[in-house]
Amino acid sequence: MSDASQDPPTRRDFLLLTGTAMTAVGTGAAVWPLIDSLSPSAEVLALATVEVNLANIEAGQSLTVVWRSKPVFVRHRTEQEINQAAQATERDLIDPEADSARAVRPEWLVIVGICTHLGCIPLGQKTGDNRGEFGGWFCPCHGSHYDTSGRIRKGPAPKNLTVPEYRFLDDTRILIG
Amino acid sequence: MSAPHSSHSGSHNATPAKGFYGWMEARLPALSLFNKTLRDFPEPKNLSYLWNFGSLAGIVLVIMILSGIVLATQYTPHVDMAFDSVERIMRDVNYGWLIRYIHANGASFFFLVVFIHMFRGLYYGSYKKPRELLWILGVIIFLLMMATAFMGYVLPWGQMSFWGATVITNLFSAIPLVGEGIVQWLWGGFAVGNPTLNRFFALHYLFPFVIVGVVIFHIWALHVVGSNNPLGIDVREERDQIPFHPYYTFKDLFGLSVFLFFFALFVFYAPNYLGHPDNYIPADPLVTPAHIVPEWYFLPFYAMLRAITFDIGIPFTDIVFVEAKLGGVLVMFGAIGVLFILPWLDRSPVRSGRFRPLFKPCYWLFFVCCVFLGYVGAKPADATLLGLPLQWFGLLGIVYYFAYFLVLLPFVLPKLEKVPELPVSIADAYSEKSSGKQKAAKEQNPTEEGQAE
């Protein structure tokens, strides 16, 4: 065994090594298209932006729009809701993040309405919905409470509701995505 | 094992067989394989009715595949048409309602049968040497069944289908770093949608045949090591055993007829009892039902998933090792993972729980614990019991579930339990038992005997 390893590599060793290596690369190259074919396809990726008109949303009202087949909550927050969100200190938060970092303009909150626990749609968009203990949203699946900034305050969800990339086209229109 | 075996099948081996049988045997010995597995296979003579459930599970698997293939010829795996195509099966297709109800209730009964099969194995130590691999193959079958049942439940594309799929696929988002990517890959999009439904249909059709493959290995392993029995002692001699046919074929047929009676009761008289009304509402990606629950057979696992609502880390610091979400996922998968190493966790030399006085109460508490976790899983997340959050009791249940496998079986029970005197021979124990029965019968009816004389 030790004698053999001290022998200079032969032509056969070289062929075996390179052959094995190329087989591995070839197998990978053949399998990858099969795996990647399951990833989101081009036509799915193409539906990437959506424009929202804010003119008809009164303070205290919310709108749900669909972006990339996910619901996006657009909330016209009241003074009280903005204050509530601003008052929360780092101690109160599970996933600390300032309200100012989550809203481009404080009266408008735009968040992806998907619970960061296991993907249910939290309640709180309709009047009469259970909004949880912090006046924002409440996920009925496993009991996550979100505040008026969409931040997780209580329950199993690990993260705040995601703020999607968006910008104001003018005072009454935003572009999400 | 092989010595008593040969006596039953010896007649086939002595001289080369003639006719069609001989012609086949010389080319493909499939018929003798069937003979060996389903006719001559020697089984312990003392098997109780709890040993019916293995072959029963096999029969239910066949029922599921046959009804499933017929349903697939009528079903459309597209988000716009799936729900309607299922309703068409229910209303317009000849006997469509019957075939679908057989398939839907069949899934529940499949799990019921397999759960009994598993709890039987747990009680009689059927996982212990030399049946470790047999047990592990069984756990693999169980995992495949869970995946198949989950994907099948998505296909009708009702509200529970959609949100069940969303919640379960989101489990993978708990994996650090790559979780989000994996979930989008599973979905084929940014949410559960048409690509998801399509691939679930393809896999739901494929997996049962993978299960058949593993079942073949399961039965193969069984035929190498032989069946365990209620005494848990090894087969020693020929008179411990009887051939599978006609003794157990007919016992299994009798068990099957009892099973079919209860199965038919559900299929014909309570076909939706085990289902959820919400799944007769078409899937709506923008509205989550108020109370998502999985099918009953997933409830204990669902309770585990939900029970971890706190991060696991160093107390009073911000250091977190395991986020709550990942914690729930780990606990749930751990509950099944622990079954894989069970053969090496239980260190008692005694197989059958019948001879283990301390094991018995621990086992039955474990059984109650599993049922209770099912109850916890069925209730809303914020339910209470005796004024306390139900989830606290759920946590207790989880602690006992794992303590049973990781503390009681390996460390506590082997230390406290004395090794009892086990019966030496199955045949002797069996004839003692049956002669005891005869004696008791005689004592009960002494007058009858007197009259006869």
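Five helices of chain B each put at least two residues into the lining of the largest cavity: helix 4 (53-72), helix 5 (82-91), helix 6 (96-123), helix 7 (132-154) and helix 10 (194-225). Helices here are DSSP runs of H or I with at least four residues, strands are runs of E with at least two, and both are numbered from the N terminus. This is a predicted model, where local features need pLDDT of at least 70 and side-chain atom pairs count only at pLDDT 80 or more, while totals for chains, interfaces and linings use all residues. Residues are numbered from 1 along each chain as its sequence is written, chains are lettered from A and ligands numbered from 1 in the order in which they are written, and side-chain values use heavy atoms, with hydrogens and water left out.

**The largest cavity**
- A cavity is a set of points on a 1 Å grid, over the protein atoms alone, where a 1.4 Å probe fits but cannot get out; lining residues have an atom within 4 Å of a point.
- This one holds about 910 Å³ of space, with volume taken as the space filled by probe spheres set on the points, which are joined across faces, edges and corners.
- Its lining runs to 41 residues, and H103(B), A104(B), G152(B), Y153(B) and H204(B) lie nearest the centre.
- Sorted by class, the lining has 28 nonpolar, eleven polar and two charged residues.
- For those classes, Ala, Val, Leu, Ile, Met, Phe, Trp, Tyr, Cys and Pro count as nonpolar, Asp, Glu, Lys and Arg as charged, and the others, Gly among them, as polar.

**The second largest cavity**
- F83(B), V86(B), E87(B), R100(B), P156(B), N279(B) and Y280(B) line it.
- Helix 5 of chain B gives the largest share of that lining, three residues.
- By class, the lining splits into four nonpolar, one polar and two charged residues.

**Chain B overall**
- Chain B has 17 helices and six strands.
- Of its 453 residues, 48% count as buried (under 20% relative accessible area, with a 1.4 Å probe and protein chains only).
- Take contacts (heavy atoms within 4.5 Å) in chain B between residues at least 6 apart in sequence: 79% join residues at least 24 apart.

**Chain A domains**
- Chain A is assigned domain 1 (4-37) and domain 2 (45-176), with bounds from an automatic or database domain assignment.
- The C-alpha centres of these two domains of chain A lie 52 Å apart.

Note on methods. On a 1 Å grid over the protein atoms alone, a cavity is a set of points where a 1.4 Å probe fits but cannot get out, and a pocket is an open set with protein on both sides within 12 Å along at least five of seven lines; lining residues have an atom within 4 Å of a point. Buried means under 20% relative accessible area, exposed over 50%, partly exposed in between (1.4 Å probe, protein chains only).
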